[in-house]
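Dear colleague,

I am passing the structure on to you with this message, with the sequence alongside. Below it you will find my notes on what came out of it.

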Amino acid sequence: DFMYKFCARQELALSSLSPEEPSTIIQFTYTSNAQMYSLLKRTAAKCSNIAHVYSIGRSTEGRDLLVIEFSNNPGQHELLEPEIKLVGNMHGNEVLGRQLLIYLAQYLCSEYNLGNQRIQTIVNTTRIHILASMNPDGYELAASEGHLLNGWTNGRANAQNIDLNRNFPDLTSIFYRNRRSRHYRIDHIPIPDSYWFGKVAPETYAVMKWIRSLPFVQSASLHGGELVISYPFDFSRHPQEERMFSPTPDELVPSVLTDPLSTRRSSSILSVVRMSDFNYLHTNCLEITVELGCDKFPSEAELYPEWKRNKEALLSFMEYQVHRGIKGVVTDTEGNGIKGASVSVRGVRKDVTTAEDGDYWRLLNPGTHILTATAKGYSRVSKRVHLPRTMNKAGRVDFVLEKVWFLFRIERQEKPWWWNYFSQSGISPPQWLLRSV
């Protein structure tokens, strides 16, 4: 009863927002899976200079997990251009996020072509990936029942009856077990072997591969059923105490990220949201979970008002938040980018690693920070950086690391008794055995 009254108050407050006619014409109706695929492909064809579609895999019943990408150089990562992803419909019966992302794709394409400078700047400076439906099979079931008949659970899971949000590896428990160890890294925690012994949904597997394949900086997963924003760690240290505050090493950063949506922000633990924790603990990506409203399956008449309520927040999320903090390139002395170098911030036990070309992004609040870049076989370089509050884009901080040669230590040390045996036999002595001497 309390949650019903809370939701009713929130909906009443939001309903007072006055709608404005968009310059882009969008049909605010529900979209079947076939219509969604057709619409996204037609949108990409209409804006082929800035958009293209690609599939990251298939659902249990064989439906495409189709992504539409927006960039001034679609299909390629550009040096220092941050990448962001938006995911909807992980739960098949939470349909508003799916529709908003379909509308957003149409809006970005149309407004870019109409010469909207704000949209052109967003697309030209950011690589945006939109997965409108992560669970098209569940949506099919929910949509067949319709707005009035659909319950709170029908269509939530995939066709194997797996809740996709709880199907990602539980890395948070590993973090809590090891957090007291001084040398334990809480970033890029590997997927435990035991995870693969369980049932991994094809949708989950496809999204994990997708997350690992691109250097995402930031992400938002759109849900329904509440009116809050949550961010890692969604899985509490004490699962029985669901509303316990569970801060991350980057705790101050998410509070800045959610400023455009601050009326909805909450750090309470409302459910187990493993996908955002997986993003945070396994990759560089910081993902927030956006609960769009209390009605998981609003009536078609509500779609346009909901678009008006959420459009500005979605644009701001892409426009400002991913461009906060610092970015740069880690190279060797010859100017070659170093892949997999770590960039750390003193006082924050969460590093980011460089992408294929040596570029990195680090979301940071204003203030003075000590940054250190390291890579295996290279020297360590530290820099002191001050980020003023007036900055409206990421500061550039590059690192040049010198190669460190260790072979001379092996050659100078006294050789063991068996060394001459190999040398006189014409066999190359096994250098690796020297490590145990």
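Asparagine 89 sits in the loop between S3 and H3, and its phi is positive, about 60°, although it is not a glycine. For background, most residues other than glycine have a negative phi. Asparagine 89 has a relative accessible area of 0% and is therefore buried. Please keep in mind while reading that this is a predicted model, so that every value here is computed from predicted coordinates.

Glycine 88 belongs to strand S3, which covers residues 83–88, and with a relative accessible area of 0% glycine 88 is buried. Leaving out residues up to four places away in sequence, glycine 88 touches Leu101, Leu131, Ala132, Ser133, Met134 and Leu222.

Serine 221 is found in strand S5, residues 216–223, and it counts as buried because its relative accessibility is 2%, where the cut-off is under 20%. Apart from neighbours within four places in sequence, serine 221 is in contact with Val87, Met90, Met275, Glu287, Ile288, Thr289 and Val290.

A second residue other than glycine with a positive phi is histidine 188, where the value is near 55°. Histidine 188 lies in the loop between H6 and H7, and at 26% relative accessibility it counts as partly exposed.

The 18 residues of H3 should span 26 Å at 1.5 Å a residue, and the distance of 26 Å between its end C-alpha atoms agrees with that. H3 is mostly covered, with 17 of its 18 residues buried, and it is followed by glycine 115, which has a positive phi near 90°.

What is the angle at which H2 and H3 pack? Helix H2 (residues 33–46) and helix H3 (residues 96–113) pack at about 20°, and their axes are 10 Å apart. Because of that angle, H2 is roughly parallel to H3, and the crossing of the two is left-handed. On the H2 side, Asn33, Met36, Leu39, Leu40, Thr43 and Lys46 take part, and they meet Arg98, Ile102, Ala105, Gln106, Cys109, Ser110 and Asn113 in H3.

H3 also packs against helix H10 (residues 303–319), here at an angle of about 65° and again with the axes 10 Å apart. H3 and H10 are therefore roughly perpendicular to each other, and their crossing is right-handed. The contact involves Leu96, Gln99, Leu100, Tyr103, Leu104, Tyr107 and Leu108 of H3, together with Leu303, Glu306, Trp307, Asn310, Lys311, Leu315 and Met318 of H10.

Elsewhere, the axes of helix H6 (residues 171–178) and helix H9 (residues 274–282) come within 9 Å and cross at roughly 55°, which makes H6 oblique to H9. Leu171, Thr172 and Phe175 of H6 make this contact with Asp277, Phe278, Leu281 and His282 of H9.

Helix H7 (residues 202–213) has 12 residues, and from its first C-alpha to its last it reaches 16 Å, close to the 16 Å expected at 1.5 Å a residue. Its buried residues include Glu203, Thr204, Ala206, Val207, Met208, Trp210 and Ile211.

As for the chain as a whole, the protein has 12 helices and 15 strands, and 53% of its 437 residues count as buried. Among contacts with a separation of 6 or more, 75% join residues 24 or more positions apart.

Finally, a word on confidence. The mean pLDDT of the protein chain is 83, and 76% of its residues reach 70 or more. Over residues 1–21, however, the pLDDT is below 50, and this stretch has 17 contacts beyond near neighbours in sequence in the model. Residues 251–271 also have a pLDDT below 50, and that stretch has 57 contacts in the model beyond near neighbours in sequence.

With kind regards

Notes:
Residues numbered from 1 in each chain as written. Predicted model: local features only at pLDDT ≥ 70, side-chain atom pairs only at ≥ 80, totals over all residues. Heavy atoms only, no water. pLDDT = per-residue confidence, 0-100. Contact = heavy atoms within 4.5 Å. Helix = DSSP H or I, 4+ residues; strand = E, 2+ residues; numbered from the N terminus. Expected span 1.5 Å × (residues − 1). Buried < 20%, exposed > 50% of the residue type's maximum accessible area, 1.4 Å probe, protein only. Axes fitted to C-alpha atoms, helices over the stretch in contact; angles between N-to-C directions. Parallel < 35°, antiparallel > 145°, perpendicular 65-115°, else oblique. Left-handed = near helix turned anticlockwise from the far one by under 90°.
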